[in-house]
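Subject: Structure handover

Hi,

Here is the structure for you to take over. Please open it next to this email; my notes follow below.

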Amino acid sequence: VATGGHRAVLASPVGRSALLETVARPVLRRYGDHPAVEAWDVFNEPEWATLGFGSANATRAVWPGSMRLLLGDLVTAVHDETRHAATVGLASVAGLPLLMGIDVDVYHVHWYDRLSSFVQEMTGRLSKPLVLGEFPTKGSAFPVGEILRGARERGYAGALGWAALAGDDYSDLDGLEAALRGPRPLV
């Protein structure tokens with residue numbers, strides 16, 4: 001998968017409009033009523049492509065205002081073209097300011113040890129439910145059960161472990177299942 005190198009598209013109104021009208025809206029129209037779709041994650045971890053949020057490379061990243069315009073347009077397209085919810089998968093809670101004023105249906109953040117010490121407290125600070133949309137099921141300093149309990153205690157509406165089939169250093173589906181079914185079930 002080619003990553004990066006799309007700054008010109010994301011930074012310009014013409015590029016964002018073309019992306020929206022030739023890619024996003026046709027896909028949304030095609031699958032907008034599909035029963036297997038619960039929600040659309042319109043952009044995964046936009047911080048890494050946004051100056052001051054995760055990128056310091058001005059030649060590859062876009063200004064926060066440009067990213068916010070794109071995210072807002074994508075969320076609006078989901079609402080216009082589908083019956084599904086819209087969200088943005090943020091790399092961490094530090095990215096939440098990118099979504100202020102954007103009508104997401106669910107806030108969705110990721111958490112890994114390298115980004116912060118533990119799942120952050122968010123109770124009462126957001127107008128919509130917050131989901132821990134990605135967390136390590138292997139390779140963390142914290143056991144999976146502790147991460148899940150911590151998310152629940154801190155007001156998260158749910159959690160999705162990484163990953164079912166990735167087979168990488170952060171994935172252990174069996175360990176996640178064991179934590180969910182353990183002596184103190186979390187579900």
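Is the crossing of α2 and α3 left-handed or right-handed? It is right-handed. Please keep in mind that this is a predicted model.

**Helices α2 and α3**

Helix α2 covers residues 13-31, and helix α3 covers residues 64-81. Their axes lie 10 Å apart, and the packing angle is about 30 degrees. Angles under 35 degrees count as roughly parallel, so α2 is roughly parallel to α3. On the α2 side, the contact is made by R16, L19, L20, A24, R25, L28 and R29. On the α3 side, the contact residues are S66, L69, L70, D73, L74, A77, V78, D80 and E81. By class, this contact has nine nonpolar residues, one polar and six charged.

**Helices α4 and α5**

The other pair to look at is α4 (residues 144-153) with α5 (residues 173-181). Here the axes are 9 Å apart, at an angle of about 60 degrees. The two helices are therefore oblique to each other. Their crossing is right-handed. From α4, the contact takes V144, G145 and L148. From α5, it takes L176, A179 and L180. Five of the contact residues are nonpolar, one is polar and none is charged.

**The largest pocket**

Rolling a probe the size of a water molecule over the atoms shows where empty space is left. The largest pocket has a volume of about 630 Å³. Its lining is made up of 27 residues. Which of them are closest to the centre? They are H6, L10, F43, N44 and A49. Sorted by class, the lining holds 17 nonpolar, seven polar and three charged residues.

**Backbone points to check**

Most residues other than glycine have a negative phi, and most peptide bonds are trans. Two places depart from this. The peptide bond between W162 and A163 is cis, with omega at about -15 degrees. A163 sits in the loop between β5 (158-162) and α5. E45 is a residue other than glycine with a positive phi, near 50 degrees. Where is E45? E45 is in the loop between β1 and α3.

Best wishes

Key: Residues numbered from 1 in each chain as written. Predicted model: local features only at pLDDT ≥ 70, side-chain atom pairs only at ≥ 80, totals over all residues. Heavy atoms only, no water. Axes fitted to C-alpha atoms, helices over the stretch in contact; angles between N-to-C directions. Helix = DSSP H or I, 4+ residues; strand = E, 2+ residues; numbered from the N terminus. Parallel < 35°, antiparallel > 145°, perpendicular 65-115°, else oblique. Left-handed = near helix turned anticlockwise from the far one by under 90°. Contact = heavy atoms within 4.5 Å. Nonpolar A, V, L, I, M, F, W, Y, C, P; charged D, E, K, R; others polar. 1 Å grid on protein atoms, 1.4 Å probe; cavity = no way out; pocket = protein on both sides within 12 Å on 5 of 7 lines; lining within 4 Å. Points joined across faces, edges and corners; volume = space filled by probe spheres on them.
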